[in-house]
Structures are given as structure tokens and as C-alpha cells.
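Notebook open, structure up on the screen.

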Amino acid sequence: MLKIFVILIFVALSDAAFGQTAWESYIQLPSPENAEAVERIEYSKGAIPERDTYRFEHILLLETQIAAGDAAAWRLAYRLRAKSDGALYEDINHALSRMIRPHPKIFLQEFQKLGIPSESLFDALLMTGEEYVDLYDAQKYELSMRLEAIESVTDDALMGTRDLCVRILRGAIESIPEQ
């Protein structure tokens, strides 16, 4: 029994001594508090293969929190996006876009709260994801549903941001070629 107790203490101390990164702590417990602590995707040595910079399933976990309406997760994704490029940038934009249809008011509030320039709005607002590639009718449908969600927001304080999103979405929908 004493051996088990000593082993448990050693494991607990090992975790505390080596510690997890803020990102790893968030992945273990994706709470708003842990989201606020993360500044970048960073893993402990040996946590992922050296050739990788992130694990896609961890972005999916973040995306799930965003789709659930977690504003802290959305702000985390926006912070991470600023430090990303290539596939990670696209994956994060897709995650950011997942809040639009189920929680359009939170989406608009977060954009407005952060004072995000309108050109930064395009990527998150219009990212449909690789599952929509070459499916023009499906793209139109998705963007039309986002437009409908955004138009449903009637909060006077969000009208400027809402109207900008409406213009961007309408323009994007009109530019999608017929299938």
C-alpha cells in the first residue's frame, strides 16, 4: 500500500515538475478559464511527433467548444489564428465559423468586442471547409444559412457589425458559380 502511495505521489510530482503547456491543459479540460490562459499551440517535449506542429483532433475539440457557444474558446481560436499559417490557419478559420449559425449574436459580439478589422472578418465568415470544395450549391446553402442567422440578430448595439457581415455574405453568395 505504501508503494502505491509513493508511486502516486511521484506521478503527481512528475506532472507538476514537468508540467503541461497551457494548450495541453486546455485540451485536457477545455474550460473558459483554461482557454483564457493559452497564447499559442505548444506541446511538451515528446507529446506529439517532432515533425508535427499540432494535432488536428485538438483543433476539433476547440471547434466543438466554439460550436457550443463558448466565447472564450472563440477568442482563443482568434488569438491562435493570428500566429498561424497554412493548414492550421484554415482549420482555425473553420473552427471560428462554426459559431455563426448556432450563436450569431455571440459571433457578432466577439468580433465587435475585439475590434476586429473587416478584412479579418472575411476568412472566418466565409470559410465553409474542405467538405464544401467544388460543391457550389452546398456552399451557397451554407452561406445562406449563415446570412439568415446573422440577420436574425436585432441587438441595436450590433447593427453595424451585423450589416457588414450581411454585405459580405450576400456578395460571397452572389459570386459562387452556378453548378
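Entry 1. I started with Lys140, which is buried at a relative accessible area of 17%; buried means under 20%, exposed over 50% and partly exposed in between, with a 1.4 Å probe and protein chains only. This is a predicted model, where local features need pLDDT of at least 70, side-chain atom pairs count only at pLDDT 80 or more, and totals for chains, interfaces and linings use all residues. I also noted that residues are numbered from 1 along each chain as its sequence is written, and that side-chain values use heavy atoms, with hydrogens and water left out.

Entry 2. What does Lys140 pair with in a salt bridge? I found Glu178, with the closest N and O atoms 2.7 Å apart. A salt bridge here is a side-chain nitrogen of Lys or Arg within 4 Å of a carboxyl oxygen of Asp or Glu. Glu178 sits in the segment after helix 10 and Lys140 in helix 9, so this pair ties together parts 38 residues apart in sequence. Helices are DSSP runs (H or I, at least four residues), numbered from the N terminus.

Entry 3. Next I looked at Glu142, which meets Arg101 in a salt bridge at 2.6 Å, N to O. Glu142 is in helix 9 and Arg101 in the loop between helix 6 and helix 7, so parts 41 residues apart in sequence are tied together. Glu142 is buried at 7%, while Arg101 is partly exposed at 35%.

Entry 4. I checked Lys105 and found a salt bridge to Asp155, with the closest N and O atoms 3.6 Å apart. Lys105 lies in helix 7 and Asp155 in the loop between helix 9 and helix 10, so the pair links parts 50 residues apart in sequence. Both partners are partly exposed, Lys105 at 39% and Asp155 at 27%.

Entry 5. How many salt bridges does the structure hold? I get 15.

Entry 6. On to the largest nonpolar core, which has 43 residues. Such a core is a set of buried Ala, Val, Leu, Ile, Met, Phe, Trp, Tyr and Cys residues joined through side-chain atoms within 4.5 Å. Trp23, Tyr26, Leu62 and Phe107 touch the most other members. Helix 5 (71–81) is one of the helices supplying at least two residues, and helix 5 gives the most, with seven.

Entry 7. I listed the contacts (heavy atoms within 4.5 Å) of Tyr26. Leaving out residues up to four places away in sequence, Tyr26 touches several residues, among them Ser31, Asn34, Leu62, Gln65 and Leu76.
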